Amino acid sequence: MNQLKQVHAFSLRNGTDHTSILVLKLLEVPDIAYAHKLFDLIPRPTLFLYNKLIQAYSSRGPHRQCVSLYTQMRQRGCVPNHQSFTFLFGACASLSSPPLAQMLHTHFIRSGCGLDVYALTALVDMYAKLGLVESARKQFDEIQFKDLPTWNSIIAGYARCGNMVEAKKLFQLMPLRNLISWTVMISGFSQNGQYLNALKMFLLMEKETDFKPNEVTLASVLPACANLGALEIGQRICTYARQNGHLNNMFVTNALVELYAKCGRLDAARQLFDGLGSRKNLCSWNSMIMGLAIHGRSQEALKLFDELLQEGSMPDDITFVGILVACVHGGLVARGQELFDSMEMNFNIIPKLEHYGCMVDLLGRAGKVEKAYDLIKKMPMKPDSVIWGALLGACSFHPNVKVAEKAADFLFELEPWNPGNYVILSNIYAAAKRWDGVAKLRKTMKGGQITKAAGYSFIEGGGEVHKFIVEDKSHPRCEEIYALLGDLFAKMKSIKHEVDIGSFMTL
C-alpha cells in the first residue's frame with residue numbers, strides 16, 4: 001500500500017499519468033475509497049474502469065455507490081455493457097429496492113445486452129433475492145440456455161419465499177447439479193422448518209453423489225439434526241467437520257453446540273463452547289444458555305448469563321428467552337420477574353411475545369394464574385395462541401375454571417381446528433365436576449368435526465430418521481415391524497402369565 005502511495009506521489013511530481021493503473025492496483029488491495037478518489041481525477045474514465053469500480057462496490061459495499069457511478073457514466077455518455085449490468089443487478093439485490101430493479105431491468109433490455117447468460121443469471125438472482133419470485137421465474141423461463149448458477153438462483157428464490165414444493169420440482173428437473181444445488185435445497189427445507197426433508201436431502205446427496213459437504217452445507221443440515229434429535233447423524237457430521245477443518249467456521253461450531261445442547265449432550269456442547277475461547281459470539285452464548293435451560297440446569301444457565309455480562313457482551317432478545325426459560329424450568333419466579341423487568345430498563349430491549357409467553361408460563365406453573373392473566377391484559381401487543389395456551393395449561397394444573405374459560409375462548413377463535421384446547425378445557429371441567437361443560441364441549445367437537453390428530457414420533461437408527469404415526473402402515477418395512485411387535489406382545493403375555501403363576505404358588 002505504501003509503495004502505491006509512493007508511485008502516486010512520484011507521478012504527481014513528474015507529471016506522468018499512472019492514475020488508471022493505480023486505481024486498478026488499489027482495487028486489488030482493496031482500498032476502494034482511495035481508488036475512488038483517484039478515479040474522480042480522471043477526466044474521461046473508460047468503461048473498463050467504471051466496471052471495475054462498480055464491481056468493487058457491488059462486492060464490498062456500500063452498494064448505493066454502484067448506482068451513483070452508473071448514473072455518472074450515463075451522464076458522461078459512457079455506454080454500459082453486460083458486465084456493468086451483472087454487477088449492478090448484484091448491488092440492487094442488496095439495496096432491497098424493487099423500483100430500482102425494474103429501472104435497471106428496463107435499461108438492460110434497451111442496451112441490447114439481453115443475451116448474455118451471466119447478466120441474465122444476475123437478473124434472475126436479483127429478482128429472487130428481492131422476493132419477486134414471479135418476476136424471477138418469468139426471466140428464468142425466457143432464458144434459452146440456462147447454466148447451473150441460473151437454476152440455483154431460481155431454486156434459492158423459491159426456497160427463500162418458503163415455496164419448497166416448486167423448489168423441489170425445479171431441482172428434480174435440473175440437467176446437472178453441483179454442491180450449491182444440494183445445499184440450497186437442504187438450507188431451504190431447514191429454514192422453512194421441514195427438518196426431516198432437509199435431513200433426507202442431505203443423506204440422499206451423500207448416497208447418490210461424490211460431493212463433499214462444505215461449511216454452508218453443514219451449517220444448514222445441523223439445525224435439522226438438532227430439531228429432530230438425530231444425534232447419531234449429528235455426531236458423524238461433527239467427526240467429518242473436525243477432520244476437514246470446518247470447526248474453524250463459527251456457523252458450523254455454533255450449530256454443533258446447538259445440536260448437542262438440544263439432544264441433552266451438554267458435556268459435548270460445553271466442550272465445544274469452551275473450545276471457542278475468545279471467538280465466542282452471541283449465538284454461541286445463546287445456544288449454550290438455551291441448552292442448559294431446556295434441560296433443567298437453570299442455575300448453570302443463569303451463571304453463564306452472568307459470565308456473558310462480565311465479559312462485556314450485550315445480550316439480545318434471544319438471550320432473554322433462554323434465561324427466562326431457565327427460570328420457568330427452575331420455578332424461579334422472583335428471578336424471572338427481575339430479569340424480565342431489566343430487559344427494557346437496563347438493556348433497552350423491548351419484550352416480545354416470546355418473553356411474555358415465558359412470564360405467563362412461569363407465573364402459571366407457580367400457581368399465580370390470576371397474576372398471569374393480569375399480565376396478558378397489560379401486554380402492548382395482541383396475545384397469540386402460545387400465550388393463551390400457556391395460561392390454559394396452567395389452569396389445568398392449578399384449577400381455575402373462570403380463567404380457563406377466558407383463555408379457551410380466545411384459543412377457539414385463534415385456532416378452532418386444534419382439538420388439544422377442547423380436551424384441556426374438558427379435563428378442567430371434569431376435575432371441577434362441571435359435567436354440563438364436558439358435554440357441551442363434546443357436542444361442539446362432534447358438530448365441528450374436530451378430531452384429535454394422530455400422534456407420531458421420530459426414531460433414529462442406522463443413520464436414518466424414521467417417522468412413525470399411530471397405527472401407521474406406510475413404512476416400507478411395516479410387515480416386519482408388526483411381526484416383531486407381535487412377538488414382543490406374545491413374550492410379554494408369557495412373562496406375565498409366569499409371574500402370575502409364581503405369585504399364586506407363593507401364597
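**Reading rings, charges and a surface patch**

Mentor: Let's begin with a charge over a ring: the charged end of Lys-280 sits over the ring of Phe-273, 5.0 Å from its centre. The term applies if NZ of Lys or CZ of Arg is within 6 Å of the ring centre and within 35 degrees of the ring normal. Lys-146 does likewise, with its charged end over the ring of Phe-140, 5.0 Å from the centre. Please note that this is a predicted model, where local features need pLDDT of at least 70, side-chain atom pairs count only at pLDDT 80 or more, and totals for chains, interfaces and linings use all residues. Residues are numbered from 1 along each chain as its sequence is written, and side-chain values use heavy atoms, with hydrogens and water left out.

Trainee: How many aromatic pairs does the structure hold?

Mentor: A pair of aromatic rings is described by the distance of the centres and the angle of the planes. Rings of Phe, Tyr and Trp (its six-membered ring) pair if their centres lie within 6.5 Å; planes under 30 degrees apart are stacked, over 60 edge-to-face, and the rest tilted. The structure holds 14 such pairs. In one of them, the centres of Tyr-70 and Phe-85 are 6.0 Å apart with planes at 65 degrees, so the pair is edge-to-face. Tyr-70 lies in helix α5 (residues 64-75) and Phe-85 in helix α6 (residues 82-95), so the pair ties together parts that are 15 residues apart in sequence. Helices here are DSSP runs (H or I, at least four residues), numbered from the N terminus.

Trainee: Are Tyr-70 and Phe-85 buried or exposed?

Mentor: Buried means under 20% relative accessible area, exposed over 50%, and partly exposed in between (1.4 Å probe, protein chains only). Both Tyr-70 and Phe-85 are buried. Ring pairs also link Tyr-70, Phe-85, Phe-89 and Phe-108 into a cluster.

Trainee: Which residues make the nonpolar surface patch?

Mentor: Patch residues have over 30% relative accessible area and no salt bridge; like charges are joined within 9 Å, nonpolar side chains (Val, Leu, Ile, Met, Phe, Trp, Tyr) within 5 Å. A salt bridge puts a side-chain nitrogen of Lys or Arg within 4 Å of a carboxyl oxygen of Asp or Glu. Here Tyr-482, Leu-484, Leu-485, Leu-488, Phe-489 and Met-492 make a patch of about 590 Å², with areas from the Shrake-Rupley method and a 1.4 Å probe, only the protein chains shown counting as cover for residues. Tyr-482 is in helix α28 (residues 478-505) and is partly exposed, at 36% relative accessible area.

Notes:
Helix = DSSP H or I, 4+ residues; strand = E, 2+ residues; numbered from the N terminus.
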